[in-house]
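Subject: Structure handover

Hello,

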Amino acid sequence: MTVMVLFEARAKPELIEALKQGLQAMLPETRTCEGCQGLTTYQEVGDGQTLVAVEFWDSKEHYEKYFAWRKENGTITQLNAMLEAPPSIRYFETLDA
């Protein structure tokens, strides 16, 4: 079942542009990972510190495998260094209502 992943991160004010550049460099590769159906990123209107990625994956397990790979290759450590706090990651399934 398709899962929507909501990835939310708050950049350190002085690193907003560096974070955006880092995401622009890494997300094309993410889109080619097994199970990734697509993703779109957004920047909060106002101070611009909060960035959100809305991602669609074949399953939560596919995303978790991808995230583990990002941890192993050091990407998550680099990302966390640019953030005020660890990112929020939430998973959603379609609700037929």
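Which residue in β3 is the bridge partner of M4? The partner is F56.

Two notes on the source first. This is a predicted model, where local features need pLDDT of at least 70 and side-chain atom pairs count only at pLDDT 80 or more, while totals for chains, interfaces and linings use all residues. Residues are numbered from 1 along each chain as its sequence is written, and side-chain values use heavy atoms, with hydrogens and water left out.

**Overall picture**

The protein has 3 helices and 4 strands. Helices (H or I, at least four residues) and strands (E, at least two) are DSSP runs, numbered from the N terminus. The order from the N terminus is β-α-β-β-α-α-β.

The radius of gyration (taken over C-alpha atoms) is judged against a globule rule of 2.2 Å times the number of residues to the power 0.38. For 97 residues, a compact globule would come near 13 Å, and the protein agrees because its own value is 13 Å. Along the principal axes, the C-alpha atoms fill a box of roughly 40 × 35 × 20 Å.

Buried residues account for 39% of the 97. Buried means under 20% relative accessible area, exposed means over 50%, and partly exposed lies in between (1.4 Å probe, protein chains only). The accessible surface is about 6,000 Å², and carbon and sulfur atoms hold 54% of that. Areas come from the Shrake-Rupley method with a 1.4 Å probe; for residues, only the protein chains shown count as cover.

Contact means heavy atoms within 4.5 Å. Among the contacts with a separation of 6 or more, 73% are between residues 24 or more positions apart.

**The strands**

Two strands pair if DSSP finds at least two bridges between them. Start with β3, residues 50–57. This strand is mostly covered, with 7 of its 8 residues buried. Strand β1 (residues 3–10) runs antiparallel to β3, and 8 bridges join them. The M4 and F56 pair belongs here.

Y42 stands opposite V52 in β3. β2 and β3 form a hairpin with 6 residues between them. In the turn, G46 has a positive phi of about 120 degrees.

β1 has another partner in β4, residues 88–92. These two run antiparallel and share 5 bridges. E8 stands opposite S88 in β4.

R10 lies in strand β1. Is R10 buried or partly exposed? R10 is partly exposed, because its relative accessible area is 31%. Beyond its neighbours within four places in sequence, R10 is in contact with E44, D47, Q49, T50, L83, E84 and A85. R10 and E44 are 34 residues apart along the chain, and their C-alpha atoms are separated by 9.6 Å.

M1 is found in the segment before β1. M1 counts as exposed because its relative accessibility is 67%. Not counting residues up to four places away in sequence, M1 touches W57, D58, S59 and E93.

D58 sits in the loop between β3 and α2 (60–72). D58 is partly exposed, because its relative accessibility is 34%. Leaving aside neighbours within four places in sequence, D58 is in contact with M1, T2, G35 and Q37. D58 and N80 are 22 residues apart along the chain, and their C-alpha atoms are separated by 26 Å.

**Charges**

The protein has 9 positive and 15 negative charges, and their mean positions are 4 Å apart. Lys and Arg count as positive, Asp and Glu as negative; His and the chain ends are not counted. The place of a charge is NZ of Lys, CZ of Arg, CG of Asp or CD of Glu.

Best wishes
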